[in-house]
Amino acid sequence: MTSVTPAQELLDVAYEEALHGLAEGGIPIGAALFDADGTLLGRGRNRRVQSGDPSVHAETDAFRAAGRRRDYRRTTMVTTLSPCWYCSGLIRQFGIGSLIVGESQTFSGGHDWLADHGVAVTVLQDRRCVDLMTQFIAEHPALWYEDIGVADELEA
């Protein structure tokens, strides 16, 4: 019998969001923001396609859903995929203290940079997250490259 770690339990919330995003025709990346005691503050998913707004990444969606706080140092951002520079900047800007990453195999964003700047980073390499993104990228490469800012990759 395998045991589920607390980090994996938090990741489950973000993974559910990723599946919702995929079902809506979007990019399957999910995120959630938790307080130090594990209370869910906000959850979200990449909604760039659904809303036509390029700034609605999963982490920003979860952050917005959490609402205003005076201090974010004791919060944890959980995301199914290593955060891009945009979302890494959000984590750094607001001093979010911890980051749990579902996987960084299909995309390695700014999680190492965040760790270098004092954020407690845990990378799980969760098989569900890897498989979800691997399949999505194979089926929708143009949309994926647009999302990570290299839309001309397919033209090369």
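Guide: Buried means under 20% relative accessible area, exposed means over 50%, and partly exposed lies in between (1.4 Å probe, protein chains only). This is a predicted model: local features need pLDDT of at least 70, side-chain atom pairs count only at pLDDT 80 or more, and totals for chains, interfaces and linings use all residues. Numbering runs from 1 along each chain as its sequence is written, and side-chain values use heavy atoms, without hydrogens or water.

Visitor: Which residues of α6 are buried?

Guide: They are Cys129, Val130, Leu132, Met133, Phe136 and Ile137. A helix here is a DSSP run of H or I with at least four residues, a strand a run of E with at least two, numbered from the N terminus.

Visitor: How do you know that the buried residues of α6 line one face?

Guide: Look down the helix axis. The buried residues fall within an arc of 165 degrees, so they share one face. The arc is taken from the directions from the axis to the C-beta atoms. Ala138 and Glu139 are exposed, on the face turned away from the buried side. The cover over the buried residues includes α1 (6-23) and α7 (141-147).

Visitor: What makes α3 largely enclosed?

Guide: In α3, 7 of the 9 residues are buried, so the rest of the structure largely encloses this helix. The buried ones are Ala58, Glu59, Thr60, Asp61, Ala62, Phe63 and Ala66. Their cover includes β1 (30-34), β2 (40-45), β3 (76-79) and α4 (85-93). After α3 comes glycine 67, with a positive phi near 80 degrees.

Visitor: Why is arginine 45 called buried?

Guide: Its relative accessible area is 10%, so arginine 45 falls under the cut-off. Arginine 45 sits in strand β2. Its contacts (heavy atoms within 4.5 Å) include Glu17, His20, Glu24 and Asp61. The C-alpha atoms of arginine 45 and histidine 20 are 7.8 Å apart, though 25 residues separate the two along the chain.

Visitor: Why does arginine 48 count as buried?

Guide: Arginine 48 has 13% relative accessibility, so it counts as buried. Its place is in helix α2 (residues 48-51). Beyond its neighbours within four places in sequence, arginine 48 touches Ile27, Asp53, Pro54, Val56, His57, Glu146 and Asp147.

Visitor: What is the volume of the largest cavity?

Guide: About 110 Å³. The structure holds 1 cavity of 30 Å³ or more. Of its 14 lining residues, Ile29, His57, Leu81, Cys84 and Asp147 are the closest to its centre. The elements giving two or more residues to the lining are α3 (58-66) and α7. A cavity is a set of points on a 1 Å grid over the protein atoms alone where a 1.4 Å probe fits but cannot get out, and lining residues have an atom within 4 Å of a point.

Methods
1 Å grid on protein atoms, 1.4 Å probe; cavity = no way out; pocket = protein on both sides within 12 Å on 5 of 7 lines; lining within 4 Å. Points joined across faces, edges and corners; volume = space filled by probe spheres on them.
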